[in-house]
Amino acid sequence: MSYEQHFGLSSQPFSNAADSKFFYESDQHQEAMLRVEHSVSTMKGLAVVIGGAGAGKTLLARRVLEKLEAKPDEYEAALLVIVHSEVSAVWLLKKIASQFGVPNPADRKADLLPQLFERLGAIHEAGKKAVVIIDEANMLKSKEIFEEFRGLSNLEVPGCKLISIVLFGLPDLEQNMAVDPPLVQ
């Protein structure tokens, strides 16, 4: 007999895979959620959520995405999960462009950035806010990637940033970001 049967559970509550239906909104999670929501609603450009292993960052990232997707007239949101540290800046930009619906993202950054800027401008013109959530951002280590985040956060039209980036990661993320002091500032 499984413990689900023994305790009368309908599903396995202690899975290794993140499932937002088991999200527990502690005081810390609620505060983090409010700060992230404020950051994206006011288009601050960049928000960072750092926590130890098992603190609930992945569940929080998915809850943020769910909340944004529940407002399709207000937000266009994407979630990227970084699975290894060999990610290049161009790969990351292509993924972001693809997530926001850029058809056939270019392979060269010089061609890709105008495509992404045009798409983000169209999202803005439609009255929506573009938000990219990056989970396991601690896996990102190169200065080039953090320079791209800074560059993306500088994409704007008068009075408004065109994209909000929310990074979720282990404490290493703070050290990794230190390679780009202007971004940390």
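**Helix packing and overall picture**

The axes of helix α4 (residues 89–99) and helix α5 (residues 109–125) approach to within 10 Å and cross at roughly 25 degrees, where axes are lines fitted to C-alpha atoms, for helices over the stretch in contact, and angles run from 0 to 180 degrees between N-to-C directions. That angle makes α4 roughly parallel to α5, since angles under 35 degrees count as roughly parallel, over 145 as roughly antiparallel, 65 to 115 as roughly perpendicular and the rest as oblique. This is a predicted model, in which local features need pLDDT of at least 70 and side-chain atom pairs count only at pLDDT 80 or more, while totals for chains, interfaces and linings use all residues. Residues are numbered from 1 along each chain as its sequence is written, and side-chain values use heavy atoms, with hydrogens and water left out.

**The contact of α4 with α5**

- α4 passes α5 in a left-handed crossing; a crossing is left-handed if the near helix is turned anticlockwise from the far one by less than a right angle, and right-handed if clockwise.
- On the α4 side the contact involves V90, L93, K94, I96 and A97, which meet K109, L112, L113 and L116 of α5, contact meaning heavy atoms within 4.5 Å.
- The residues of this contact between α4 and α5 divide into seven nonpolar, no polar and two charged, with Ala, Val, Leu, Ile, Met, Phe, Trp, Tyr, Cys and Pro counted as nonpolar, Asp, Glu, Lys and Arg as charged, and the others, Gly among them, as polar.

**The contact of α4 with α6**

- α4 also packs with helix α6 (residues 143–153), and the axes of these helices come within 9 Å and cross at roughly 40 degrees.
- α4 and α6 are therefore oblique to each other.
- A89, L92, L93 and I96 of α4 make this contact with E144, I145, E148, F149 and L152 of α6.
- Sorted by class, the residues of the contact of α4 with α6 are seven nonpolar, no polar and two charged.

**The contact of α2 with α3**

- The axes of α2 and α3 come within 11 Å and cross at roughly 45 degrees.
- That angle makes α2 oblique to α3.
- α2 passes α3 in a right-handed crossing.
- H29, A32, M33, V36, E37 and V40 of α2 make the contact with L60, R63, V64, K67 and L68 of α3.
- By class, the contact of α2 with α3 has seven nonpolar, one polar and three charged residues.

**The protein as a whole**

- The secondary structure comes to eight helices and six strands, helices (H or I, at least four residues) and strands (E, at least two) being DSSP runs numbered from the N terminus.
- Along the sequence, these elements follow the pattern α-α-β-α-β-α-α-β-α-β-β-β-α-α.
- Of the 185 residues in the protein, 38% are buried, where buried means under 20% relative accessible area, exposed over 50%, and partly exposed in between (1.4 Å probe, protein chains only).
- Among the contacts in the protein with a separation of 6 or more, 69% are accounted for by residues 24 or more positions apart.
- The protein exposes about 10,300 Å², and carbon and sulfur atoms supply 51% of that area, as computed by the Shrake-Rupley method with a 1.4 Å probe.

**Residues with a positive phi**

- Most residues other than glycine have a negative phi.
- M43 has a positive phi of about 50 degrees although it is not a glycine, and M43 lies in the loop between α2 (27–41) and β1.
- With a relative accessibility of 8%, M43 counts as buried.
- E136 likewise has a positive phi, of about 60 degrees, although it is not a glycine, and E136 is found in the loop between β3 (129–135) and α6.
- With a relative accessibility of 28%, E136 counts as partly exposed.

**Two further residues**

- Q115 has its place in helix α5, and Q115 is partly exposed, with a relative accessible area of 24%.
- Not counting residues up to four places away in sequence, Q115 touches V102, P103, N104, P105 and A106.
- The C-alpha atoms of Q115 and P105, ten residues apart along the chain, are separated by 7.2 Å.
- G56 is in the loop between β1 (46–50) and α3 (57–69), and at 21% relative accessibility G56 counts as partly exposed.
- The C-alpha atoms of G56 and H29, 27 residues apart along the chain, are separated by 8.0 Å.
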